[in-house]
Amino acid sequence: MAHFKQTQKSRQVKTMFDRLSGHYDLLNRMMTFGFDSVWRRRVIEKGSLPPGGRLLDVGAGTGDIAFTALQKEPTVRVTAADFSLGMMKKGRSRPGRNRIPWCSADALQLPFADGTFDAVTSGYLIRNVANPLQAFQEQFRVLKPGGGVVCLETSPPKQNLLRPLIVFHLNITIPFLGRLVGGNQAAYTYLPDTTRGFMKPDEMVATMQKAGFESVQYDLLMFGTMTIHSGRRPEKA
Ligand SMILES: C[S@@+](CC[C@H](N)C(=O)[O-])C[C@H]1O[C@@H](n2cnc3c(N)ncnc32)[C@H](O)[C@@H]1O
C-alpha cells in the first residue's frame, strides 16, 4: 500500500512539473522577488566542491542550480537529474546546456554508483518526494566519503508578527501569480499546501542525520520561510 501511494504521488508530481515547465522559471523569480538566484549561489558555496569536483543536482528541473554551479566554479563537472522530461527539456534550451549531462532519474532510486560525487545539491525537491528519508539515503549513497550535501527548501511559516504577511503571500499572491502567468492556479496552491505540511527545519536535520549525514546544520532565509540545510557524509562511512 505504501509503495502504491509513493508511486501515485510521484506520478502526480511528475505530471504537474511537466505541465508547469514553460512558466516555471518566470514564476520562481516572481514568487521569490528574484532572491532565489542568491540562495542558489549560497547552495553552491555550502557544497564546498574541490576544483574539478563532481556535483550532482537532484530534482534539477530547468537547471538553475546546475547553471549557477558552472558560473561560480567553472571547473566543476555537474550532472543534472530529474524525472520530469518537460523541465529538463526547458533547461536544455538554455545557454551552456551542453556542459551538463541531463539524466532522467528518480530521486528515490538514483542511477549512479556508490561514492560517485563530491557534492549533492537539491532545490525544492524534498518537499515533493514521497519519501524524504529515502531521498537523503540515496544522496548519501552516491556521495564520496567526506562529500557534502546541500538542500534548499521552503519552511512552514513560524508563529510571529510576520506570519499574516507570509500566509497571505503563500495563500493569495502565489496562486494568483500561478493563474496570471501560467494559467494554472492549482499547481500553485500545491506550493502553499505542501509548505504548510512540510517538516520544520529541526525535523529535516533529524531526517538527514537518520540518513547518515554528520555536521548537519541550517540557515534560515527570507524571514524563516526558506532554509538551506547542509551536512557531510562521514569520511569513514
Ligand atoms: C520545484 S522544482 C525545483 C527545480 C530546481 N531544483 C530549482 O531549484 O528550481 C522540483 C523538481 O523536482 C523534480 N522531482 C520531484 N520529485 C522527484 C523525484 N522523485 N525524482 C526526480 N525528480 C523529482 C520535479 O520534476 C521538479 O523538476
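A residue is taken to be near a molecule or strand if its C-beta atom, placed from the backbone, lies within 6 Å of it. Of the 22 residues around the ligand, those that come nearest are Gly59, Gly61, Ser84, Ala107 and Gly123. The structure is a predicted model, in which local features need pLDDT of at least 70 and side-chain atom pairs count only at pLDDT 80 or more, whereas totals for chains, interfaces and linings use all residues. Residues are numbered from 1 along each chain as its sequence is written.

The protein has nine helices and seven strands, where helices (H or I, at least four residues) and strands (E, at least two) are DSSP runs numbered from the N terminus. The radius of gyration of the protein is 17 Å, close to the 18 Å that the globule rule gives for 237 residues, so the protein is as compact as a globular protein of that length; this radius is taken over C-alpha atoms, and the globule rule is 2.2 Å times the number of residues to the power 0.38. Along the principal axes, the C-alpha atoms of the protein fill a box of roughly 45 × 40 × 40 Å. Of the 237 residues in the protein, 40% are buried, a residue being buried if 20 or more other C-beta atoms lie within 10 Å of its own, exposed if 12 or fewer, and partly exposed in between, with C-beta atoms placed from the backbone. Two residues are in contact if their C-beta atoms, placed from the backbone, lie within 7 Å. Among contacts between residues at least 6 apart in sequence, 68% join residues at least 24 apart.

Strand E1 (residues 54–58) is largely enclosed by the rest of the structure, because five of its five residues are buried. In a regular strand the side chains alternate between the two faces of the sheet. Both faces of E1 are covered, with Arg54, Leu56 and Val58 buried on one side and Leu55 and Asp57 buried on the other. Strands are counted as paired if DSSP finds at least two bridges between them. Five bridges join E1 to strand E2 (residues 77–82), the two strands running parallel, and Leu56 stands opposite Thr79 in E2. Strand E4 (residues 117–123) also runs parallel to E1 and is joined to it by four bridges, with Thr121 in E4 as the bridge partner of Asp57.

Together with helix H4 (residues 64–72), strands E1 and E2 make a right-handed β-α-β unit; a crossover is right-handed if, with the strands pointing away from the viewer, the path from the first strand over the helix to the second runs clockwise. Within H4, the residues Asp64, Ile65, Ala66, Phe67, Thr68 and Ala69 are buried, and what covers the buried residues of this helix includes helix H3 (36–47), E1, E2 and E4.

H4 also takes part in the shell around the ligand, to which helix H1 (2–20) and H4 each supply at least two residues. The largest share of that shell, four residues, comes from H1. By residue class, the shell divides into 11 nonpolar, seven polar and four charged residues, where Ala, Val, Leu, Ile, Met, Phe, Trp, Tyr, Cys and Pro count as nonpolar, Asp, Glu, Lys and Arg as charged, and the others, Gly among them, as polar.

Ala107, one of the residues that come nearest to the ligand, is found in the loop between strand E3 (102–104) and E4. With 24 other C-beta atoms within 10 Å, Ala107 is buried. Not counting residues up to four places away in sequence, Ala107 touches Val58, Gly59, Leu125, Val129, Ala135 and Glu138. Ala107 and Gln139, 32 residues apart in sequence, are 8.2 Å apart in space, C-alpha to C-alpha.

In helix H1 lies Asp18, which counts as partly exposed with 16 C-beta neighbours inside 10 Å. Leaving aside its neighbours within four places in sequence, Asp18 is in contact with Ser84, Leu85 and Gly86.

Tyr124 is placed in the loop between E4 and helix H6 (132–142) and counts as buried, with 20 C-beta neighbours inside 10 Å. Met222, by contrast, is placed in the loop between strand E6 (214–221) and strand E7 (226–232) and is partly exposed, with 16 other C-beta atoms within 10 Å.
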